[in-house]
Amino acid sequence: MDSAVSDPHNGSAEAGGPTNGTTRPPSTPEGIALAYGSLLLMALLPIFFGALRSVRCARGKNASDMPETITSRDAARFPIIASCTLLGLYLFFKIFSQEYINLLLSMYFFVLGILALSHTISPFMNKFFPANFPNRQYQLLFTQGSGENKEEIINYEFDTKDLVCLGVSSIVGVWYLLRKHWIANNLFGLAFSLNGVELLHLNNVSTGCILLGGLFIYDIFWVFGTNVMVTVAKSFEAPIKLVFPQDLLEKGLEADNFAMLGLGDIVIPGIFIALLLRFDISLKKNTHTYFYTSFAAYIFGLGLTIFIMHIFKHAQPALLYLVPACIGFPVLVALAKGEVTEMFSYEESNPKDPAAVTETREGTEATTSKGLEKKEK
């Protein structure tokens with residue numbers, strides 16, 4: 001059996017197995033198929049719904065839900081930063097006690113997981129609150145300096161419903177902290193993935209190609225070139241991967257022979273697919289051709305990853321198959337439709353950039369003025 005492997009930053013689809021040298025009975029074909037099929041389904045959910053929510057996020061006015069825009073400069077530096085982080089974690093696990101490092105990481109992801117899960121379930125939970133629910137508004141404001149030099153550090157608006165969602169998410173957080181159960185791990189993992197796809201926005205397709213291309217090389221090097229990623233993944237106890245037991249049919253919820261998929265293999269292609277959905281909408285043709293094409297490409301790429309990993313019984317860098325599929329399929333469609341220029345010239349402004357906000361406001365005012373002039377005529 002293969003050892004349980006996942007990449008803390010990008011991840012690799014991998015069949016789980018014993019890490020302590022003990023021997024387990026081989027998983028049944030039914031159990032393996034169930035595990036791989038479940039991983040594929042779980043990977044698709046945050047991409048699909050995260051992409052839809054990214055459209056609303058781009059149009060939203062709430063400062064707490066503003067997306068973080070990734071520029072070409074950020075995309076070029078990301079593989080280098082990810083490599084340094086991965087190598088740093090490797091050295092930490094070699095020098096310091098694994099137990100204490102994982103304790104700190106557990107507390108860190110406990111807090112992050114609760115916040116991410118609360119943000120994820122909030123739209124669904126709002127449907128269950130009665131109309132007469134006493135919903136009060138709150139604002140968390142943290143500033144630096146005084147007078148004219150006062151600067152906002154944190155300005156977060158929330159309400160009573162958000163506090164209820166936070167309470168529900170805290171239950172899952174405590175469950176994860178105490179038991180490290182794979183279901184709690186997956187709830188946090190899905191929340192992280194959906195929030196990543198929703199809130200991380202590429203500013204254009206070229207930036208997406210730079211990011212995916214850089215991480216394509218990063219993933220291949222650290223999986224095939226060294227044992228760093230394997231070592232860190234075995235040692236790293238945090239909800240940075242989705243897992244599903246291959247022996248679920250035999251052991252039920254207490255199963256422990258996992259297949260796994262790193263969250264990076266969901267979020268990185270996911271933010272590119274979400275960008276193509278917003279590009280589809282910008283064309284105003286009432287079709288989502290590029291979104292569905294890239295979504296189908298992701299299914300193909302991840303399915304191919306799982307197939308090759310199962311045949312060769314070795315960890316696979318999923319981006320090796322996902323990147324060519326997610327970029328190549330939409331570009332081929334754009335070539336067939338004669339829309340390559342439109343695709344690569346599509347640009348999204350940073351909503352946190354004052355200049356972009358001013359430009360948007362001026363554009364809105366100009367549109368409003370034209371509308372009023374037409375009405376007067």
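This text walks through a predicted model, from the overall fold to one helix and then to the salt bridges.

Start with the whole chain. The protein has 377 residues, and 46% of them count as buried. It contains 13 helices and seven strands. Among contacts with a separation of 6 or more, 76% join residues 24 or more positions apart.

An unreviewed UniProt entry annotates several stretches as "transmembrane region", including residues 258-277 and 289-312. How much of each is helix in the model? Residues 289-312 are 100% helix and 0% strand, with end C-alpha atoms 34 Å apart. Residues 258-277 are 70% helix and 25% strand, and their end C-alpha atoms lie 33 Å apart.

Now look at helix H4, residues 160-179. Its 20 residues reach 29 Å from first C-alpha to last, close to the expected 28 Å. Asp-159 caps the N-terminal end: one of its side-chain oxygens lies 3.2 Å from the backbone nitrogen of Lys-161. Just after the helix, Lys-180 takes a positive phi of about 55°. Several H4 residues are buried, among them Cys-165, Ser-169, Val-172 and Tyr-176. What do the buried residues pack against? Their partners are helices H3 and H5 and strands S3 and S4.

Next come the charged pairs. Side chains of opposite charge can pair when their charged atoms come close. The model has seven salt bridges by a cut-off of 4 Å between side-chain nitrogen and carboxyl oxygen.

Arg-53 pairs with Glu-198, the closest N and O atoms being 3.2 Å apart. The pair links helix H1 to helix H5, across 145 residues. Both Arg-53 and Glu-198 are buried.

H4 takes part too, through Arg-179. Its side chain meets that of Glu-254 at 3.9 Å, N to O. Arg-179 lies in H4 and Glu-254 in the loop between helix H8 and strand S7, so the bridge ties together parts 75 residues apart in sequence. Are these two partners buried or exposed? Arg-179 is exposed, at 51% relative accessible area. Glu-254 is exposed as well, at 54%.

Lys-285 and Glu-339 form another bridge, with the closest N and O atoms 2.3 Å apart. Lys-285 sits in the loop between helices H9 and H10, Glu-339 in the loop between H11 and H12, 54 residues apart. Lys-285 is partly exposed, at 45%. Glu-339 counts as buried because its relative accessibility is 5%, under the 20% cut-off. Elsewhere, salt bridges that share partners join Asp-247, Lys-251 and Asp-256 into one network.

How values were computed:
Residues numbered from 1 in each chain as written. Predicted model: local features only at pLDDT ≥ 70, side-chain atom pairs only at ≥ 80, totals over all residues. Heavy atoms only, no water. Helix = DSSP H or I, 4+ residues; strand = E, 2+ residues; numbered from the N terminus. Expected span 1.5 Å × (residues − 1). Buried < 20%, exposed > 50% of the residue type's maximum accessible area, 1.4 Å probe, protein only. Contact = heavy atoms within 4.5 Å. Polar contact = N/O pair within 3.5 Å; in protein donor to acceptor, adjacent residues only side chain to side chain. UniProt positions renumbered as here; feature names shortened; annotations may be inferred.
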